[in-house]
Amino acid sequence: MHLMYFTEQPMSAYDEKAGRDFGATALMFSNKHFDPVAGSRLYNNYIEQYMLAEEVGIDGIMLNEHHNAPFCMQAKANIFAAILAGMTKKAKIVMLGNPLPLAENPIRLAEELAMIDMISKGRLVSGFVRGGGQEQLATGVNPAFNRERFEEAHDLIVQAWTKAGPFRFEGTHYQHRVVNPWAVPLQKPYPRVWIPGVISKETIIWAAQQRYPYIALNTSIEQTKKIWELYDQVALQSGYVGGPENRGYLIQVHISDNEDKARENAKQFRWMQGEFTGLAHPVWSTPSGYGSPTNRRAFVEFAAGRAINPRGNTSFEQQVEDLRIIYGTPDQVVKKLKRILEQTRPGILALWGNDGFVSQEDSLTCIRLMGQEVFPAIREIAKSLDLKSPFEADAPVHLRYSKDLKPAKAAAAE
Amino acid sequence: MAGVDWKTSTVAAGGTKLHLRRAGRGAPLLVLHHETGTLDDLPFYDALAAKHDVLVPHHPGYSRSERPDWMRSVRDIAVVYRGLLSELGVAKPALVGLGFGGWIAAEMATMAPADLSRLVLVGAMGLKPPQGDILDLAITGYVDYVRAAFHDQKAFDRVYGAEPSVDQLEMWDICREMSFRIAWKPYMYSQTLPHLLASVRAPALVVWGDDDNVVPMSAGKRYVEALPNAKFEIVKSCGHAVDMEQPEALAKLVNTFIGRE
């Protein structure tokens, strides 16, 4: 089991009322509401949180990035990864991940990630994402080619990491006549790539085809099971059997030594007006061409205000009921997490510990209890359930490095 | 206008298949629709077909025409339409471009300046407005965006209904996706087109609604300056979608200009 700490790095100092008055807290919500004095304090708070997380023995620090919104202060995950590469000693630096389509020059990403891997002495996990719809608009990238750019940038980066340069790359969206970056990753054949996601079937299928672990982001148990069903089916078609080492899960968990306090702090998971990415116009979060064409009809109905959000926007109580938000003392939290582990069998687990206005003191308490009490118990449960991480299972970094591939039928028979 | 006999066909041209509506007799007139696609029947089309041989193709990737995945620019559409005209044996047509279709018409005019009788641009995109910006489709809701093209919202209701159908919303999404594929950056204009317009000697009419909230009128003035032989007409109390908001007024302007009124 690989156990991680995650925070969205909330810019909690923004003016919530201004967000409500404007009717949106993303993309077009003015950055005049960003306070760099608070920003400076918060960035340093987050560094302190990560350093404590390492000190109390977590396996990995999960990082991500978003743009033009208060719910996440990381505009470039590689910046934090670079800081942590130098400051931490043991924890994996798990990027979930770099939004590939936003890159106009993926070779620069390949270089940055290679530097992070070398500086951290091989502790990088290099996850990749498509980036939300708003990310495309915030960076002027064409949403209609999002998936094509994702796959092509991935191929270019992997080539830059594994193939001796100089070589030439002539793609549809990326053309580079000289690929020869003088920074390559320490880990061979290349750093592990994990793929986080929420709803796109195409991404689950693609991840399974690559044999990259898929990290389900705070989905309900039922949704998570459906994701593994699809992943495992594609795995069989690709000649291997999916297992815990292919499965990751991120869940909102706040831990305290006091249940009432834990509950109050857990309510902060809903601080962005109930949507973790805040309020946004549907056409910003899903610009035309960004989503799957099979969802087009349902989406336009929702966007025109004639149907409920297909992603759902459920109450705090309901999310607690569904085990999408967990809070409590370490014992209480472990019991609930055990149910999730038993039912969905992940080999990678990330706890999203703190959000919104949770104080730095309470955030640090949460992390301390996570590392010292919750994770040791989870490790024991994982052992009894045989939930191995990709590291423990020594899983291949990519399908092409597999030594156990079988024809689809034989794999299915196992 | 009742009694116009529109014929529908699918024509292969320029490496793709186009849905084409055609009606009327007389000199050929190619009408190029907006980036929001087009309905099959519109009073403006009928009014033109009373005097001309009117061709209304659906742009590749819009409305009922299939999407060529390879297409990357608005100029590609113009080339496809040059192919369509040649396929149909239509020579020296008048081009009537509506909004986004105006950009396509202008590109077509620059490609073959001699193969053109008249050029009509109505609230045309394609040039960077000297003042103001072209309304951004990507951050505006489906209905809000189309409504922004009307000065009088009753005109929108008349064309699309006060609550457009889900089919219509879906169609707008498909059109939007195609616009992103071919006109994302720079958004809805070409940096080279203004220079190329100098070769268009055919008489041109540039028409703008006086309350166009989609393409600033400054872009219209820039067209008039760049085209060697152009005049400017303003339609009063009218938004960007002049063809749908004031179809009779626009048809009269066009028919007069082309010489059939």
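Two residues are in contact if their C-beta atoms, placed from the backbone, lie within 7 Å. The model in your viewer is predicted.

**Stop 1: a buried loop residue**

Select B:Gln246. You are in the loop between helix H9 (242–245) and helix H10 (247–258) of chain B. Is B:Gln246 buried or exposed? B:Gln246 has 22 other C-beta atoms within 10 Å, so it is buried; the cut-off for that label is 20 or more. Now show its contacts. Not counting residues up to four places away in sequence, B:Gln246 touches B:Val235 and B:Cys238.

**Stop 2: another loop**

Move to B:Val215. Its place is in the loop between E7 and H8 of chain B. B:Val215 has 29 C-beta neighbours inside 10 Å and therefore counts as buried. Which residues does B:Val215 touch, not counting those up to four places away in sequence? They are B:Gly99, B:Gly123, B:Ala124, B:Met125, B:Pro129, B:Ile134 and B:His240. Then pick B:Arg201. It is 14 residues from B:Val215 along the chain, yet their C-alpha atoms are separated by 24 Å.

**Stop 3: helix H8 of chain B**

Select residues 217–226 of chain B, which form helix H8. Colour B:Ala219, B:Gly220, B:Arg222 and B:Tyr223: these are buried. Now look down the axis of H8(B). The buried residues fall within an arc of 160°, so they line one face of the helix. Here is a general point to go with that view. An α-helix has 3.6 residues a turn, so residues three or four places apart point the same way. What do the buried residues of H8(B) pack against? Show strand E6 (118–122), helix H7 (193–196), strand E7 (204–209) and strand E8 (230–235) of chain B.

**Stop 4: strand E6 of chain B**

Stay with E6(B). 5 of its 5 residues are buried, so the strand is largely enclosed by the rest of the structure.

Strand E5 (residues 94–98) of chain B runs parallel to E6(B), joined by 5 bridges. B:Ala94 has B:Arg118 as its bridge partner in E6(B). E7(B) also pairs with E6(B) in the parallel sense, over 4 bridges. There, B:Leu119 has B:Ala204 as its bridge partner.

**Stop 5**

Select B:Val120. Leaving aside neighbours within four places in sequence, its contacts include B:Leu95, B:Val96, B:Leu205 and B:Phe257. B:Val120 is also among the residues with the most contacts inside the largest nonpolar core, which has 106 residues. Helix H6 (residues 166–183) of chain B gives this core its largest share, 9 residues. Apart from it lies another core, of 92 residues, including A:Tyr46 and A:Ile348.

**Stop 5: where the chains touch**

Show both chains. 18 residues of chain A are in contact with 15 residues of chain B. On the chain A side, helix H10 (282–285) and helix H11 (296–303) are the elements that give two or more residues. H11(A) gives the most, with 5 residues. Colour that side by class: 10 residues are nonpolar, 5 polar and 3 charged.

Note on methods. Residues are numbered from 1 along each chain as its sequence is written. Chains are lettered from A and ligands numbered from 1 in the order in which they are written. This is a predicted model: local features need pLDDT of at least 70, side-chain atom pairs count only at pLDDT 80 or more; totals for chains, interfaces and linings use all residues. A nonpolar core is a set of buried Ala, Val, Leu, Ile, Met, Phe, Trp, Tyr and Cys residues joined through C-beta atoms within 7 Å. A residue is buried if 20 or more other C-beta atoms lie within 10 Å of its own, exposed if 12 or fewer, and partly exposed in between; C-beta atoms are placed from the backbone. The arc is that of the directions from the helix axis to the C-beta atoms. Ala, Val, Leu, Ile, Met, Phe, Trp, Tyr, Cys and Pro count as nonpolar, Asp, Glu, Lys and Arg as charged, and the others, Gly among them, as polar. Two strands pair if DSSP finds at least two bridges between them.
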